[in-house]
Structure formats: C-alpha cells, structure tokens
Amino acid sequence: MSDDEVMHSGSEAEDAGPTEAQLAMQKRRAAPRSTAGLDDEQVQMLEDNKVERSRMEEEINELKARSERRKRERLEEEKLLTQRRIEEDHRRKAEEEERKEKKLEEERRKKEERMQKMAEFEKWKNPQSPNFVITKKDRPVAAAEEEADNEPKISKEQLEAEK
C-alpha cells in the first residue's frame with residue numbers, strides 16, 4: 001500500500017466510526033478493575049493514570065474539534081473566494097463587452113461620417129447643374145457706343161510693360 005492509500009483508508013475508518021484503538025480503550029474503561037492485591041501506592045498510580053488518560057482524551061477531542069472547525073472555515077473561505085472570483089469575472093466581462101460595444105458604435109459613427117463626406121464630395125465633383133450662369137444685360141445703345149469710343153481698358157501689367 002502507498003502512503004496515500006494508508007492515509008485514505010485511515011480517514012475512512014475515522015468517518016465510519018471508532019477505531020480499533022478507541023474500542024480497546026473503551027473496553028478497558030468499562031471493565032472493572034480489581035484493586036485487591038495492590039497497595040495504596042499502586043492504586044493511587046492507577047487513579048492518576050486514569051485521570052491523565054481522561055485529560056489526554058479531552059485534549060485530543062478538543063484538537064479534533066478545532067481541526068474540524070478550521071476545516072469548515074477554510075471551506076467557507078474557499079466558497080467566498082470562488083464566489084468573488086466569479087463575480088469579478090462577470091464584472092470584467094461586462095466591462096469588456098461594454099468597451100467593445102462602444103468601440104463598435106464609434107466605428108459605425110466614423111464610417112457614417114466618412115460616407116456622408118464622400119457623398120458630399122461626389123455631389124460637388126459631379127454637379128447636376130453648372131456652377132455659374134451667364135446672363136446678358138440689356139444695355140441702352142448710347143451706353144454701348146460710349147464704351148466703344150473710350151479706349152479699351154488696359155490691365156496694370158500691360159501699363160507697366162508699356163512704360
């Protein structure tokens with residue numbers, strides 16, 4: 001048998017009921033002891049041993065109870081820690097999902113703005129109608145002749161070139 005099997009079988013015996021040693025101890029206590037043939041010192045030693053055994057048994061029981069209590073406390077702590085981890089995971093996943101949703105929304109908004117700008121650019125690139133319209137004004141005939149008599153206007157560049 002390996003050490004694990006020995007430890008495992010020992011814990012099963014404790015869980016199942018009293019061990020062999022405990023049963024033997026109970027039998028010894030239950031059996032009446034005759035003190036006939038023993039002197040007072042030996043009787044006193046038996047009594048002292050009995051008291052010492054009961055004190056040790058109480059101490060053992062107290063240690064077992066403390067061990068069990070600590071075991072339950074550890075289990076409760078583990079449950080709380082597990083619950084906290086689960087809650088933290090849920091919270092973190094929710095935050096991550098929220099960030100992801102915001103990012104997608106921002107991307108959709110930017111794409112929509114880009115599409116609007118492209119549509120506006122296309123509208124200006126291929127206009128439906130001309131940018132400007134030439135309209136002729138009806139001038140009186142006298143004003144038109146007067147303008148013909150005057151010298152045609154010369155631009156500044158041409159004046160500078162003549163000088």
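The chain is helical in its secondary structure: five helices and zero strands were assigned. From the N terminus on, the order of elements is α-α-α-α-α. Helix H3 covers residues 40-125. Helix H1 covers residues 3-16.

The average pLDDT is 81. A score of at least 70 is reached by 75% of the residues. Helix H3 has the highest confidence in the chain, with a mean of 94. Helix H1 has the lowest, with a mean of 50. Over residues 5-14, pLDDT stays under 50. For that stretch the model has two contacts beyond four places in sequence. Where pLDDT is low, predicted coordinates should not be read in detail.

The chain has 163 residues, and buried residues make up 0% of them. The exposed surface comes to about 16600 Å². Carbon and sulfur atoms supply 52% of that surface.

Salt bridges were then searched for across the whole structure, and 13 were found. Side chains of opposite charge can pair when their charged atoms come close.

Glu73 forms a salt bridge with Arg70. Their closest N and O atoms lie 3.4 Å apart. The two residues are three places apart in helix H3, so about one helical turn separates them. Glu73 has a relative accessible area of 34%, and Arg70 has a relative accessibility of 35%. Each value lies between the 20% limit for buried and the 50% limit for exposed.

Arg109 pairs with Glu106. In this salt bridge the closest N and O atoms are 2.2 Å apart. Arg109 and Glu106 are also in helix H3, three residues apart, and therefore separated by about one helical turn. Arg109 is partly exposed, at 37% relative accessibility. Glu106 is partly exposed as well, with a relative accessible area of 33%. Elsewhere, salt bridges that share partners join Glu52, Arg55 and Glu59 into one network.

Arg108 forms a salt bridge with Glu101. The closest N and O atoms of this pair are 3.9 Å apart. That distance meets the salt-bridge criterion because the cut-off is 4 Å. Arg108 counts as partly exposed, at 45% relative accessibility. Glu101 is likewise partly exposed, with a relative accessible area of 40%.

In outline, the predicted model has five helices and zero strands, with confidence highest in helix H3 and lowest in helix H1. Its 13 salt bridges include Glu73 with Arg70, Arg109 with Glu106 and Arg108 with Glu101.

Key. Residues are numbered from 1 along each chain as its sequence is written. This is a predicted model: local features need pLDDT of at least 70, side-chain atom pairs count only at pLDDT 80 or more; totals for chains, interfaces and linings use all residues. Side-chain values use heavy atoms; hydrogens and water are left out. A salt bridge is a side-chain nitrogen of Lys or Arg within 4 Å of a carboxyl oxygen of Asp or Glu. Helices (H or I, at least four residues) and strands (E, at least two) are DSSP runs, numbered from the N terminus. Buried means under 20% relative accessible area, exposed over 50%, partly exposed in between (1.4 Å probe, protein chains only). pLDDT is the predictor's confidence in each residue, from 0 to 100. Contact means heavy atoms within 4.5 Å. Accessible areas come from the Shrake-Rupley method with a 1.4 Å probe; for residues, only the protein chains shown count as cover.
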